[in-house]
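Open the structure in your viewer and keep the selection panel at hand. The stops below go one selection at a time.

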Amino acid sequence: MADQEDDIVLAELPDEELIPQMHDDLYDGLKDEVEEGVYILLDRGWAPYKVLTEALVAGMKVVGDDFRDGILFVPEVLLAANAMKGGMNILKPLLAETGAPRMGRMVIGTVKGDIHDIGQNLVTMMMEGAGFEVMNIGINNPVEKYIEALQSFEADILGMSALLTTTMPYMKVVIDTMKESGIRDNYIVLVGGAPLNEEFGRAIGADAYCRDAAVAVETAKSLIARRHNQATAG
Ligand code: B12
């Protein structure tokens, strides 16, 4: 695929050809091209969120499927992830620019043993865009780091991410530790990541499982509102 690309001028492609071309470029880990595509779409008046979902997230889905099927391997996926991050970095300030009122504070991080961070970075961007303040504590977090961050940042919400079936049970370790320390109910706990589902979220005692970043924003908003109502009622 890459050898045909020398001839392609991205800016000359109409949207319906540019998008699949960007998916190919993401797949091939061509960061510069992905970034160029993002700028072109923004210039054409695309909303940042639309660029994010249709050009980047949709492209990453193909990468994920081929990784699962053994067509792509870790080095290629890392390159694709790097290209995805390049595009996300352009969109980040634009998504955060909405001037929304302060909604609440969130600590988010990927659990111990897990180094996937694209999903949680996306959630961070979308939450910030919706007016939340977010402390992103990165990857491979033991329970102590979550608790320390929650307390120092005076957070309302804890978000945990896991992309591996082997690391998702660690979310329960965090929640159980919070319960033992008597602080569980001080926070709204949201969990996410491709291998999770609603049932798992319920089983480990989270407040909600969110299938994507948009759902995370909606869920956080409604749970924060519910808390405020309870606080005023009580
Ligand atoms: C990119 C990637 C990598 C990159 C990560 C780079 C990075 N910086 O993140 C690299 C190459 C490093 C990698 C490594 C590995 N990976 Co990997 N990886 C992926 C891949 C292809 C895409 C993940 C991704 O970024 N998706 C795009 C984002 C946008 O989606 P998302 O993460 O699901 O996030 C969205 C939602 O889930 C939700 N969300 C996510 N987190 C949170 C948190 C909160 C609080 C909320 C509310 C919502 C939320 O919102 C997000 C945005 O909408 C997936 C395939 C897949 N289908 O998921 C495999 C996948 C997760 N990896 C897998 C594996 C096996 C591995 C390795 C073990 C491979 C190996 N043999 O070394 C290692 C593990 C390393 C480790 N210890 O963590 C498997 C896991 C299988 C399983 N059942 O456990 C998958 C599913 C691929 C597969 N099908 O085999 N990987």
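A salt bridge here is a side-chain nitrogen of Lys or Arg within 4 Å of a carboxyl oxygen of Asp or Glu. By that rule the whole structure holds nine salt bridges. The model is predicted: local features need pLDDT of at least 70, side-chain atom pairs count only at pLDDT 80 or more, and totals for chains, interfaces and linings use all residues. Residues are numbered from 1 along each chain as its sequence is written, and side-chain values use heavy atoms, with hydrogens and water left out.

**Select E35 and K31.** These two form a salt bridge, with the closest N and O atoms 3.8 Å apart. Why do E35 and K31 lie about one helical turn apart? Because they are four residues apart in helix α2 (residues 31-43). Helices (H or I, at least four residues) and strands (E, at least two) are DSSP runs, numbered from the N terminus.

**Colour by domain.** Domain bounds come from an automatic or database domain assignment. It gives domain 1 (12-100) and domain 2 (102-234). Their centres, taken over C-alpha atoms, are 25 Å apart.

**Show the interface.** Contact means heavy atoms within 4.5 Å. On that basis, 14 residues of domain 1 touch twelve residues of domain 2. The two domains bury about 1100 Å² between them, 74% of it on carbon and sulfur atoms. Buried area is the accessible area (1.4 Å probe) that two parts lose on being put together, summed over both.

**Select K85 and D117.** How many salt bridges cross the interface of domain 1 and domain 2? The rule finds one. The side chains of K85 and D117 meet in a salt bridge at 3.1 Å, N to O. On the side of domain 1 that touches domain 2, α3 (48-68) and α4 (74-95) are the elements that give two or more residues. The largest share, seven residues, comes from α4.

**Select H116 and the ligand.** H116 (NE2) is the only protein donor of the ligand's cobalt atom, at 2.2 Å. Donors are N, O and S atoms within 2.8 Å of the metal (3.2 Å for Na, K and Ca); water is not among the atoms, so sites may look incomplete. H116 sits in the loop between β1 (105-110) and α5 (118-129).
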